[in-house]
Amino acid sequence: SNAAQSIFSRGTFPDLDTAIKTYQYYTKHDPDFKKTYFMLFESRAGEMFLIDCDNDSERYGMILFHDVSLLVSPKVITTMYDSISTFSKSIIECYREGIYKFEHTDVGMILNVDFEAEAVLSKRLNQKSKIWKYFF
């Protein structure tokens with residue numbers, strides 16, 4: 001189930017086939033989606049989280065936020081995590097600090113998130129990423 005895949009607040013990890021099909025579609029149909037971007041995870045609300053694989057880019061290795069549901073062009077694809085390492089550390093620290101907690105509900109296990117505390121922690125651990133500058 002999707003709930004089992006939701007280990008953090010931003011979305012779920014797609015299977016490789018879905019990630020490849022998404023890459024093929026967006027590199028063909030979205031001029032803002034560079035061929036050096038690859039989707040790592042996605043939300044159910046039309047948001048994609050991409051890694052920049054361009055060795056020559058100043059954002060190389062960073063995780064980018066891309067809201068494909070926005071009807072503007074060019075779309076703002078902004079940095080969210082400084083690296084896969086700081087992304088992983090952000091998730092681990094959210095659990096350690098109680099920002100992420102699994103709770104039993106009538107529909108099964110859900111991830112309960114303190115979004116304000118998550119933003120504060122993520123901003124601290126990902127100081128090069130621009131998205132967190134919009135919070136607090």
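**Notes on the model**

1. Let me start with one side chain: Arg-124 is partly exposed, with a relative accessible area of 48%. On this scale, buried means under 20% relative accessible area, exposed means over 50%, and partly exposed is in between (1.4 Å probe, protein chains only).

2. A word on what we are looking at. This is a predicted model, in which local features need pLDDT of at least 70 and side-chain atom pairs count only at pLDDT 80 or more, while totals for chains, interfaces and linings use all residues. Residues are numbered from 1 along each chain as its sequence is written, and side-chain values use heavy atoms, with hydrogens and water left out.

3. Now the overall layout. The protein has four helices and six strands, and from the N terminus on they follow the order α-α-β-β-β-β-α-β-β-α. Helices (H or I, at least four residues) and strands (E, at least two) are DSSP runs, numbered from the N terminus. Of the 136 residues, 42% count as buried. Among contacts with a separation of 6 or more, 41% come from residues 24 or more positions apart; contact here means heavy atoms within 4.5 Å.

4. Next, the sheet. Four strands form an open sheet in the order β1-β2-β3-β4, with antiparallel pairing. Two strands pair if DSSP finds at least two bridges between them. At the edges are β1 and β4 (77–81), each of which pairs on one side only. Neighbouring strands of this sheet are turned by 40° against each other on average, direction ignored.

5. Strand β1 (residues 37–42) pairs with strand β2 (residues 47–52) in the antiparallel sense, over five bridges. Phe-41 stands opposite Phe-49 in β2. Four residues lie between the two strands of this hairpin, and Gly-46 takes a positive phi near 85°.

6. The contact is made by Thr-86, Lys-89, Ser-90, Glu-93 and Cys-94 of α3, together with Glu-118, Leu-121, Ser-122 and Leu-125 of α4. By class, that contact has three nonpolar, three polar and three charged residues. For the classes, Ala, Val, Leu, Ile, Met, Phe, Trp, Tyr, Cys and Pro count as nonpolar, Asp, Glu, Lys and Arg as charged, and the others, Gly among them, as polar. Axes are lines fitted to C-alpha atoms, for helices over the stretch in contact, and angles run from 0 to 180 degrees between N-to-C directions. Ser-90 lies in α3 and counts as buried, at 2% relative accessibility. Not counting residues up to four places away in sequence, Ser-90 touches Tyr-81, Leu-121, Ser-122, Leu-125 and Asn-126.

7. Finally, the charged pairs. A salt bridge is a side-chain nitrogen of Lys or Arg within 4 Å of a carboxyl oxygen of Asp or Glu, and by this rule the count comes to three. In one of them, the side chains of Glu-97 and Arg-124 meet at 3.6 Å, N to O. Glu-97 lies in the loop between α3 and β5 (100–105) and Arg-124 in helix α4, so this pair ties together parts that are 27 residues apart in sequence. Glu-97 is partly exposed, at 46% relative accessibility.

8. The other two bridges each sit within a helix. Glu-93 and Arg-96 have their closest N and O atoms 2.9 Å apart; being three residues apart in α3, they are separated by about one helical turn. Glu-93 counts as buried at 17% relative accessibility, whereas Arg-96 counts as exposed at 64%. Asp-17 and Lys-21 meet at 3.1 Å, N to O, and being four residues apart in helix α2 (residues 16–29), they are also separated by about one helical turn. Asp-17 is partly exposed, with a relative accessible area of 45%.
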